[in-house]
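Please read the notes below alongside the sequence and the model. They are arranged as numbered points.

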Amino acid sequence: MTIRTKEVELTKKQYFKILTSIFYSRAWHLQIICGVLLICCLLEGNYSFAGLICCSLLYPPYANWHLVNSKENRNSLLKCIYEFDDTFFTEYGENGNIHRIRLDGLTRIVRKKHYYLLSHQPSQFFYVPRSAFQSEEDAARVEIMLQGVSLKQSLMNVSQ
């Protein structure tokens, strides 16, 4: 059975929030270390090193902002429609591009409250909002498909 979504559009603001939250969720320990170093530098009066630490904390959001607004990243912000079936996930882009990926080829599935992030390469993901599904039944079917993929991936990781 094929499940087709409504048209999806990722705004620059949403894209920036997703990239920034991914970075900070992965690098929370570095933030703590930088915060402790910053406090120590300020207490000791070493303001030049404290400024360097502040710059290192502010660089990731700046880099994400630059990526979101770059010309090379234009395709990520185009409207698209997604289609799920038992074995494939397909993206039909506004510009006519079609990406067809096997569900078992997804390397990472991130489930958030309002959306999914489906990755098939380390630096690329597809944004699928839960509100894009035509009905709650379609959303539940896709969730079951993605749980099956996650289960297969975890079994493969255990066997290796």
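1. Basis. This is a predicted model, in which local features need pLDDT of at least 70 and side-chain atom pairs count only at pLDDT 80 or more, while totals for chains, interfaces and linings use all residues. Residues are numbered from 1 along each chain as its sequence is written, and side-chain values use heavy atoms, with hydrogens and water left out.

2. Sheet. Three strands form an open sheet in the order E5-E6-E7, with antiparallel pairing. Strands here are DSSP runs (E, at least two residues) and helices are DSSP runs of H or I with at least four residues, numbered from the N terminus; two strands pair if DSSP finds at least two bridges between them. E5 (108–111) and E7 are the edge strands, each with a single partner, so one side of each has no neighbour in the sheet. On average, neighbouring strands of this sheet are turned by 20° against each other, direction ignored. Six bridges pair E6 with E7 in the antiparallel sense, and Ser119 stands opposite Phe125 in E7.

3. Helix on the sheet. H1 packs on this sheet and touches E5, E6 and E7, its direction making about 120° with that of E7. Axes are lines fitted to C-alpha atoms, for helices over the stretch in contact, and angles run from 0 to 180 degrees between N-to-C directions. Contact means heavy atoms within 4.5 Å.

4. Helix H1 itself. The helix has 15 residues (12–26), for which 1.5 Å a residue predicts a span of 21 Å; the end C-alpha atoms are 21 Å apart, in agreement. The expected span is 1.5 Å times one less than the number of residues. Tyr15, Ile18, Leu19 and Thr20 of H1 are buried, where buried means under 20% relative accessible area, exposed over 50% and partly exposed in between (1.4 Å probe, protein chains only). The cover over the buried residues of H1 includes helix H3 (47–68), strand E6 (115–121) and strand E7 (124–129).

5. The model has five salt bridges, each defined as a side-chain nitrogen of Lys or Arg within 4 Å of a carboxyl oxygen of Asp or Glu. One of them joins Arg4 to Glu83, with the closest N and O atoms 2.6 Å apart. Because Arg4 lies in strand E1 (residues 3–4) and Glu83 in strand E2 (residues 80–84), the pair ties together parts that are 79 residues apart in sequence. Arg4 is partly exposed at 38% relative accessibility, whereas Glu83 is buried at 15%.

6. Glu137 and Arg141 form a salt bridge with closest N and O atoms 4.0 Å apart; the two are four residues apart in helix H4 (residues 136–159), about one helical turn. Asp138 also bridges to Arg141, at 3.2 Å, and these two are three residues apart in H4. Shared partners join Glu137, Asp138 and Arg141 into one network. Within it, Glu137 is exposed at 54%, Arg141 is partly exposed at 32% and Asp138 is buried at 12%.

7. Cysteines. How many disulfides does the whole structure contain? The search finds zero, a disulfide being a pair of cysteine sulfur atoms within 2.5 Å. For Cys34, the nearest cysteine sulfur is that of Cys54, 9.5 Å away; Cys34 is buried at 19% relative accessibility. The sulfur of Cys40 is 6.9 Å from the closest cysteine sulfur, in Cys41, which is too far for a bond. Cys40 is partly exposed at 36%.
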